Amino acid sequence: MSRLDGKTAVVSGAARGLGRAFAEALAGAGTHVIAFDIASNMPAVASEIAAATGGRVDGVVADVSQRADCERIVAHAVAAGGGIDVLVNNAGVWRETPVDSDWETALADWDYIMDTNLKGVLMLSRAAIPHMKGRVNANLVNISTYYVLPARSGGTNPPRTDLYAASKWALNGFTDAWAGHLAAHGVRVNALAMGAVDTPMLRNLFADGQLPPDLAAGVMPSSAIAGLLLDLIAEGPSGRTGENIGAWVGSPVELPPRKVPHERITGINIRIEH
Ligand SMILES: NC(=O)c1ccc[n+]([C@@H]2O[C@H](COP(=O)([O-])OP(=O)(O)OC[C@H]3O[C@@H](n4cnc5c(N)ncnc54)[C@H](O)[C@@H]3O)[C@@H](O)[C@H]2O)c1
């Protein structure tokens, strides 16, 4: 594993699940991690990660859906490291959103999901990007889902979670557009788009938090996805940008070959024949 000593990272939603695993991996590699979460136990979790990894982790309670909180987190990171080398837009929420729900429910669901999964990504990134430009091997990583790679995943966008799916499809626009804009500034922008990972979000879908046996047998550990993040960063300044990087239950979790431009987001080779 390549070391990331002297680097500064921001991870949203880091009190549990994938965010915690990203913070652990980055801290273990030597990065000073600013780990934040809306959950009040974030400082305690940060202390646990620091003790376990021997790394430096600042745990801050903050809500990514609030602009002032995003700016406070970025100011904290810049004070700590002079800039930001890694931004992991991980914080996300899931809720079942029936298409036939009443209007009030639908609009409340929209705000709940989009404020964190999409507006939060926009605001935290807008605050961070000026402090990422010009850093050596800066990486902005959006945490997406395999839903956005339907060619490989069989077109699965569960019909009763349309807003969650839509929030992740919208990340495609950010990943693609920001990768193009930031290439000239040395900032790579990619997304991790994975299937089922063993986290509280997944376990909360099942009664008493128990995964069904078939899922339990194949579910990916969050540490494997965190390893993918480190591999992505380790590609260095000339590494890939603008890609959705998939990870599927039942397949090795590893960086795929770099994709040609028209395959970066969709994962499929779409050629328009004239
Ligand atoms: N678990 C999976 O199978 C899976 C698969 C694909 C994608 N994802 C994505 O991975 C990311 C992490 O998911 P997870 O499974 O670890 O979820 P999780 O619910 O276990 O953890 C999410 C963390 O984000 C925090 N959070 C929620 N709203 C926040 C806000 N407004 N501000 C700051 N923190 C906030 C929560 O408090 C929690 O600690 C999400 O974006 C999710 O959509 C998860």
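The model is predicted, so local features need pLDDT of at least 70 and side-chain atom pairs count only at pLDDT 80 or more, while totals for chains, interfaces and linings use all residues. Residues are numbered from 1 along each chain as its sequence is written.

Seven strands form an open sheet with parallel pairing, in the order β3-β2-β1-β4-β5-β6-β7. Here strands are DSSP runs of E with at least two residues, helices are runs of H or I with at least four, and both are numbered from the N terminus; two strands pair if DSSP finds at least two bridges between them. The edges are β3 (56–61) and β7 (244–247), each of which pairs on one side only. On average, neighbouring strands are turned by 15° against each other, direction ignored.

Strand β6 (residues 187–194) runs parallel to β7 and is joined to it by four bridges. In this pairing, M194 stands opposite A247, and the bridge partner of A191 is N244. Six bridges join β6 to β5, again in parallel, with I143 opposite L192. Because eight of the eight residues of β6 are buried, this strand is largely enclosed by the rest of the structure. A residue counts as buried if 20 or more other C-beta atoms, placed from the backbone, lie within 10 Å of its own. Both faces of β6 are covered, V187, V189, A191 and A193 lying on one side and R188, N190, L192 and M194 on the other.

Next come the helices. Helix α2 (residues 42–53) lies across β2 (32–37) and β3, at about 170° to β3. Angles run from 0 to 180 degrees between N-to-C directions, with axes fitted to C-alpha atoms, for helices over the stretch in contact. Helix α4 lies across β1 (8–12), β4 (86–89) and β5 (138–143), at about 170° to β4. The axes of α4 and α3 (residues 67–81) come within 9 Å and cross at roughly 35°. In their contact (C-beta atoms, placed from the backbone, within 7 Å), R67, C70, E71 and V74 of α3 meet M123, L124, A127 and A128 of α4.

Key
Contact = placed C-beta atoms within 7 Å. Buried ≥ 20, exposed ≤ 12 C-beta atoms within 10 Å, placed from the backbone.
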